[in-house]
Amino acid sequence: MKFFDDKNKKLTWWTRNYFYLGTVLFISTCILIYVFCGNATPDVATNEHVWDKLCFSNLFQAFLNNVFHSNWQHVLLNMLAFTTCGVYVERKTGTFNFILLTLAVIIFDAAFTAGNNLSVAWIGASGVQYCFYGYIIIDYIFSFQKAKRNKTNTILGAIILGVIYISMCFNGGTSSFGFEIYPNDLLTNLGHYTPFFAGLLIGLIVQIAQKKVLAAATVNYINEVDVKHKKIYKIVNICAIVLICCLVGLTSTCGIIASTRTNYSVNIYCDNEDYNVSYNYNINDSYSNLYFSSIYYNWLNNIDLEQKSEYVCEIFTDANKTIHMDNFRTNGNCNYLTLSNEFVALSRPTDFNFYITISKAFKVQNNTNYCVYKLHEENSIAEDNAKIHNLDYSITNKVKAGDTYKFKVELYRNYDINKLKVYNNGVELNLDSNGYYVVNNVSEDILITYNYVQ
């Protein structure tokens with residue numbers, strides 16, 4: 001059937017598509033692994049992998065990571081996208097060739113992971129599918145040659161490319177769901193655009209090998225049992241083996257180069273120049289030392305600032321102080337020294353700059369009594385505030401000097417809000433039109449007290 005096998009290929013047991021068995025096998029493997037193993041990838045050979053070198057343990061671990069996923073959204077979206085690849089590639093190459101090509105792509109991805117330090121050390125099959133995306137684009141472009149052209153391939157390929165573009169526009173990661181009008185998922189994810197370009201390269205090599213043999217061929221000529229037909233597969237297989245060997249050698253070279261560029265400088269610039277510091281780290285240090293939270297606390301413990309409880313700070317990642325370093329205490333995912341690495345070892349940044357503004361702040365005490373049910377505060381700075389951070393934990397709630405402190409209260413049943421008297425430092429506060437009590441232009445510690453008038 002034309003929807004199962006490309007009529008331009010010679011059908012043999014090796015090239016036949018067995019009802020997309022290769023695609024079903026890979027998808028089933030990934031889903032079953034997640035069902036039975038979750039997102040815990042096993043350590044192989046050693047309990048902790050040293051990623052700065054190419055070795056069997058790292059290579060095999062990275063190989064396994066291609067079939068592990070972090071959650072159900074991750075595995076199901078990847079498998080949905082992989083189905084697109086299987087429909088196109090397995091129909092063109094046949095089930096056995098598709099399985100071998102998939103294994104080659106996984107080995108390639110694993111080799112770069114093991115040989116290029118932490119910059120591609122992650123889990124998920126998206127690297128495999130993006131490699132196939134690149135391969136499919138090249139294959140479709142070459143399908144317009146006279147010797148390969150037919151209506152089914154043209155229409156099916158156009159549909160597949162449309163689906164691929166939509167999947168590249170995904171913007172949600174593993175925990176949310178959204179889309180952009182441009183290929184966001186391709187352009188912003190190192191683990192996607194690296195295998196994508198590898199897929200383009202693999203596709204070009206395959207097509208060039210075929211073109212050399214079929215330069216003067218026609219569709220009818222291809223379908224003949226011919227010595228040249230066998231030569232096509234021999235050349236393609238040899239090229240694939242040579243490509244993988246070259247890439248493995250290249251990754252080990254990248255690992256050696258990377259080992260000479262593992263020293264990093266972390267610079268903290270403060271609006272008070274006395275607190276400017278520079279720290280030197282090595283990628284082989286304990287991972288916990290490379291998290292910004294550890295660097296921040298190191299800086300905080302060494303600044304000579306009296307009465308830290310009277311100050312708060314804002315952390316930015318740009319000199320213009322427009323991009324906040326959000327929520328680094330609670331999400332535990334601010335490893336800038338590793339996540340910012342570029343794929344090519346020589347292009348990795350070795351300097352990381354952070355900008356801190358220290359501001360005067362005032363203590364907030366909101367002493368509720370029996371009639372107050374719940375407080376809703378705005379501009380109150382606590383430990384888990386996403387943008388502004390305390391310099392001292394002894395006081396968990398503060399307000400920046402000059403800011404406005406707003407809050408509203410909910411009362412227990414049968415209590416009347418109009419009978420509640422609210423005071424700041426003995427001065428009565430009134431409700432605004434939105435139901436908030438407001439303290440404008442804060443210039444002293446805030447003490448809120450309540451009195452319910454019966």
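Okay, let's start with Tyr-20, which sits in the segment before helix 1 (21–37); helices here are DSSP runs of H or I with at least four residues, strands are E runs of at least two, and both are numbered from the N terminus. Before going on: this is a predicted model, where local features need pLDDT of at least 70 and side-chain atom pairs count only at 80 or more, while totals for chains, interfaces and linings use all residues. Residues are numbered from 1 along each chain as its sequence is written, and side-chain values use heavy atoms, with hydrogens and water left out.

So, Tyr-20 isn't a glycine, yet its phi is positive, about 60 degrees. Tyr-20 counts as buried because its relative accessibility is 16% (buried is under 20%, exposed over 50%, partly exposed in between, with a 1.4 Å probe and protein chains only).

Now, helix 1 itself. Its axis and that of helix 3 (residues 72–93) come within 9 Å and cross at roughly 170 degrees, with axes fitted to C-alpha atoms over the stretch in contact and angles from 0 to 180 degrees between N-to-C directions. That makes the two helices roughly antiparallel, meaning an angle over 145 degrees.

Last stop: Asn-441, in the loop between strand 11 (437–439) and strand 12 (446–452). Asn-441 is another non-glycine residue with a positive phi, near 45 degrees. Buried or exposed, then, for Asn-441? Exposed, because its relative accessibility is 55%.

How values were computed:
Angles under 35 degrees count as roughly parallel, over 145 as roughly antiparallel, 65 to 115 as roughly perpendicular and the rest as oblique.
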